[in-house]
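Work through the exercises below with the coordinates open. Each task is followed by a solution in steps.

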Amino acid sequence: LMVNPANAGFNYNLRASLNYREQWKSVATPFTTSAFSFDMNTIKDQRKRASLGIGFQFLNDKAGDAKMGMTQGNLNISSAIKLDNLSKLSFGIMAGFGQRSIDYSNLRWENQYASGAYNSNLVSGENLNSNSFTYLDAGAGFAWSYGKDQGYITQNNGVKVNFGASVYHFGLPSTSFIGASSEKMNTKIIAHGNMELGKTNTNLTFIPEVYFLQQGAQREILVGNVFRYLINEGSKYTGFVKTTAISLGLNYRLKDALITSIQLDYANYSLGFSYDFNLSSLSTTSNSRGGFEFSLRFVTPNPFAQGSRARI
């Protein structure tokens, strides 16, 4: 849901996710991010080959010594249409409400230095009347999926493609603690895609992926691949033995970091861990230590079960 509101209820009937990330601990006070999201699809009429997806997301972020924080809740709504037996298309919108905050007590200003020494008793000369403000946010996007899910991987010769694009903010959220109306967050544009390629007659699946983001002068590009190996196929009829898979990922964020990841899938549950190795000029200070992230996810239906596509 953070990447695209059209993903609400798109590939799963129900999904719940928890994420926690900590970054730059080796450089300064850690930047921490925690998130929770829930989404599901609802079917009104199977004959229309369409569904309505709804989702909710909660984000909390704190950065640096000043604990510059963001707390935001988003409501996502999507409409998905089954184009044929192999492809479907979804359009989604997001409406959000949030608050930004800052703790000025740990900040030091030029006026507080006298003869090269810092003196907290000196007046900063800054306009620090407000330490928080609220804002509205919005986003929209589309997602497209083509192919057949692997199901119980015996031949493992399926191909599935996912692609989407989204736009966020539209210059709506304010970024000013002093009420400057001209200070708005830049519009953010995202494009993303991946492909699941099963290696025939093996338990190995290759998942190449790409992610592009542009926001004002800021640009982020990630490319990489996930290798998923089916450890245990699980029982098809009794359900006593659960499907188990392990995924190893290697991604590169251009001019910034190498991202390694591992994920364990057990039936409907997934537990993941990733670590960013900093490769930019900051690595001189960070010693290549970037940040780690944990994730926990529950989805229905079981993504490894036969006919596991969301009911559209």
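A salt bridge here is a side-chain nitrogen of Lys or Arg within 4 Å of a carboxyl oxygen of Asp or Glu. The model is predicted.

**Exercise 1.** Find the partner of arginine 253 in strand 12, and state which parts of the chain the contact joins.

Solution. 
- Step 1. Arginine 253 forms a salt bridge with glutamate 220, and the closest N and O atoms are 2.9 Å apart.
- Step 2. Arginine 253 belongs to strand 13 (residues 244-253) and glutamate 220 to strand 12, so the contact ties together parts 33 residues apart in sequence.
- Step 3. Buried means under 20% relative accessible area. Arginine 253 has 15% and is therefore buried. Glutamate 220, at 23%, counts as partly exposed.

**Exercise 2.** Describe the salt bridge between arginine 228 and glutamate 196, and say whether its residues are buried or exposed.

Solution. 
- Step 1. The side chains of arginine 228 and glutamate 196 meet at 3.4 Å, N to O.
- Step 2. Arginine 228 is in strand 12 (residues 218-232) and glutamate 196 in strand 10; the two are 32 residues apart, and the pair links distant parts of the chain.
- Step 3. Arginine 228 and glutamate 196 are both buried.

**Exercise 3.** Determine how strand 12 pairs with strand 11 and with strand 13.

Solution. 
- Step 1. Strand 11 (residues 204-215) pairs with strand 12 in the antiparallel sense over 12 bridges. In this pairing, valine 210 has valine 223 of strand 12 as its bridge partner.
- Step 2. Strands 11 and 12 form a hairpin with 2 residues between them, and glycine 216 in the turn has a positive phi of about 60°.
- Step 3. Strand 12 pairs with strand 13, again in the antiparallel sense, over 10 bridges. Glycine 224 has asparagine 251 in strand 13 as its bridge partner.

**Exercise 4.** Classify the ring pair of phenylalanine 133 and phenylalanine 177, then that of phenylalanine 142 and phenylalanine 163.

Solution. 
- Step 1. The count for the structure is 12 aromatic pairs. In one of them, phenylalanine 133 and phenylalanine 177 lie 5.0 Å centre to centre with 75° between the planes, an edge-to-face arrangement.
- Step 2. Phenylalanine 133 lies in strand 8 (residues 132-147) and phenylalanine 177 in the loop between strand 9 (159-168) and strand 10 (188-198), so the pair ties together parts 44 residues apart in sequence. Phenylalanine 133 is buried at 13% relative accessible area, and phenylalanine 177 is buried at 15%.
- Step 3. The ring centres of phenylalanine 142 and phenylalanine 163 are 6.1 Å apart and the planes are at 55°, so this pair is tilted. It links strand 8, which holds phenylalanine 142, to strand 9, which holds phenylalanine 163, 21 residues apart.
- Step 4. Phenylalanine 142 is partly exposed at 28% relative accessibility, and phenylalanine 163 is partly exposed at 39%.

**Exercise 5.** Which ring does lysine 88 lie over, and which does arginine 108 lie over?

Solution. 
- Step 1. Lysine 88 lies over the face of phenylalanine 10, 4.9 Å from the ring centre.
- Step 2. Arginine 108 lies over the face of tyrosine 118, 4.2 Å from the ring centre.

Methods
Residues are numbered from 1 along each chain as its sequence is written. This is a predicted model: local features need pLDDT of at least 70, side-chain atom pairs count only at pLDDT 80 or more; totals for chains, interfaces and linings use all residues. Side-chain values use heavy atoms; hydrogens and water are left out. Rings of Phe, Tyr and Trp (its six-membered ring) pair if their centres lie within 6.5 Å; planes under 30 degrees apart count as stacked, over 60 as edge-to-face and the rest as tilted. Helices (H or I, at least four residues) and strands (E, at least two) are DSSP runs, numbered from the N terminus. Buried means under 20% relative accessible area, exposed over 50%, partly exposed in between (1.4 Å probe, protein chains only). A charge sits over a ring if NZ of Lys or CZ of Arg is within 6 Å of the ring centre and within 35 degrees of the ring normal. Two strands pair if DSSP finds at least two bridges between them.
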